[in-house]
Amino acid sequence: MTILCVRFQLPPTREAALPRLLGVLEEFTPVVEALPPDGALADLRGAERYFGRDVGELASLIRVRALAWHGVDCAIGAGPGPMFARMALRQAAPGTTLVVPGRLPDLMEFLEEQPVRALPGVGAATARTLCEYGLDSAGKVAAAPLSTLQRLTGARMGRDLHEMARGIDRSRVVPNAVSRSLATEHPFSRDELDPSRHRRALLSAAEELGARLRALEKVCRTLTLTVRYADRSTTTRSRTLPEPTAHSSALTDAAYRMYEALGLQRARVRGLALRAEGLDPAEQASYQLTFDPVDEKARRIEEVADRVRAKFGPRAVMPGTLAA
């Protein structure tokens with residue numbers, strides 16, 4: 001089995017282009033799992049024989065098509081399983097492909113040289129704990145007793161580390177997986193200095209995200225704002241919402257607060273992007289009951305507006321600020 005892990009080199013304000021780029025992978029295999037905001041896993045089992053090309057040639061075709069059709073280059077890691085593909089991607093330079101050989105001796109040699117932080121699921125705190133005890137590489141973790149790893153990191157994490165460091169990969173590519181985030185962008189036609197136009201763009205983005213979340217019957221727990229400037233630098237801020245929501249006014253309020261916290265003074269802004277993360281089914285979400293008639297009225301108006309937009313188009317109902 002050969003797995004590709006692809007990271008598209010998307011600017012922060014083009015995260016909404018990911019669904020179109022996934023179509024490039026689906027030209028080769030139907031087993032594609034999105035990894036928002038800019039990545040994907042693809043299972044090429046059978047594709048090599050069908051197309052008569054090896055994994056390196058298929059990866060080159062994917063890179064060429066993404067660049068020719070969408071103007072986006074990518075880095076690709078390939079391996080016999082999702083874990084090895086992810087680890088290969090970490091070492092792949094932008095615009096290149098790194099393939100991990102499928103033979104067991106080659107896999108173990110590749111693993112032994114990897115820092116422990118490269119193992120999937122190992123965060124900064126876990127890596128720091130392991131390094132304090134000299135377990136700073138996958139090879140050393142593989143040689144450590146299971147009981148030692150479980151004592152340091154916990155029963156489940158220790159077992160997972162023990163297996164991953166020995167080349168046992170139980171993860172799978174899940175096709176058509178529900179996206180864990182939604183993104184929308186608003187590029188300006190010119191470098192924009194006017195804060196009122198920045199706020200209008202945020203309002204538009206929040207309204208769009210709210211409508212998309214409600215259409216999918218999802219709520220989000222976190223909202224991320226990315227501001228891109230004229231010199232191509234970016235600033236990113238995230239805010240965990242008081243409660244999971246798909247309510248446009250709550251998303252707008254959070255976006256405004258993040259924007260105001262940046263304290264921009266005549267910044268030349270080239271584009272803004274909002275991303276809703278931590279998506280959950282709306283039916284499983286809990287929220288604080290309120291006796292505020294204004295809030296209840298706003299939610300009922302929102303429901304009616306969604307039905308009108310579904311029938312007459314997305315611009316049938318919109319805030320007066322955007323209509324102006």
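In this predicted model, helix α8 passes helix α9 in a right-handed crossing. Helix α8 covers residues 146-153 and helix α9 covers residues 155-165; their axes come within 7 Å and cross at roughly 135°. That angle makes α8 oblique to α9, because only angles over 145 degrees would count as roughly antiparallel. On the α8 side, the residues that meet α9 are L146, L149, Q150 and T153. Their partners in α9 are A155, M157, G158, R159, L161 and H162. Sorted by type, the residues of this contact comprise five nonpolar, four polar and one charged.

Strand β8 spans residues 234-245 and contains T235. T235 has a relative accessibility of 17%, so it counts as buried, the cut-off being under 20%. Leaving aside residues up to four places away in sequence, T235 touches L225, T226, V227, Y229 and L262. With one of these, Y229, there is a polar contact between side chains, at 3.0 Å.

Most residues other than glycine have a negative phi. E217 is not a glycine, yet its phi is positive, at about 60°. E217 sits in the loop between α10 (195-216) and β7 (218-229). With a relative accessible area of 59%, E217 is exposed.

R266 is likewise not a glycine and has a positive phi, of about 55°. The loop that holds R266 runs between α11 (248-262) and β9 (269-277). R266 has a relative accessible area of 68% and is therefore exposed, the cut-off for exposed being over 50%.

Notes. Residues numbered from 1 in each chain as written. Predicted model: local features only at pLDDT ≥ 70, side-chain atom pairs only at ≥ 80, totals over all residues. Heavy atoms only, no water. Helix = DSSP H or I, 4+ residues; strand = E, 2+ residues; numbered from the N terminus. Buried < 20%, exposed > 50% of the residue type's maximum accessible area, 1.4 Å probe, protein only. Polar contact = N/O pair within 3.5 Å; in protein donor to acceptor, adjacent residues only side chain to side chain. Contact = heavy atoms within 4.5 Å. Axes fitted to C-alpha atoms, helices over the stretch in contact; angles between N-to-C directions. Parallel < 35°, antiparallel > 145°, perpendicular 65-115°, else oblique. Left-handed = near helix turned anticlockwise from the far one by under 90°. Nonpolar A, V, L, I, M, F, W, Y, C, P; charged D, E, K, R; others polar.
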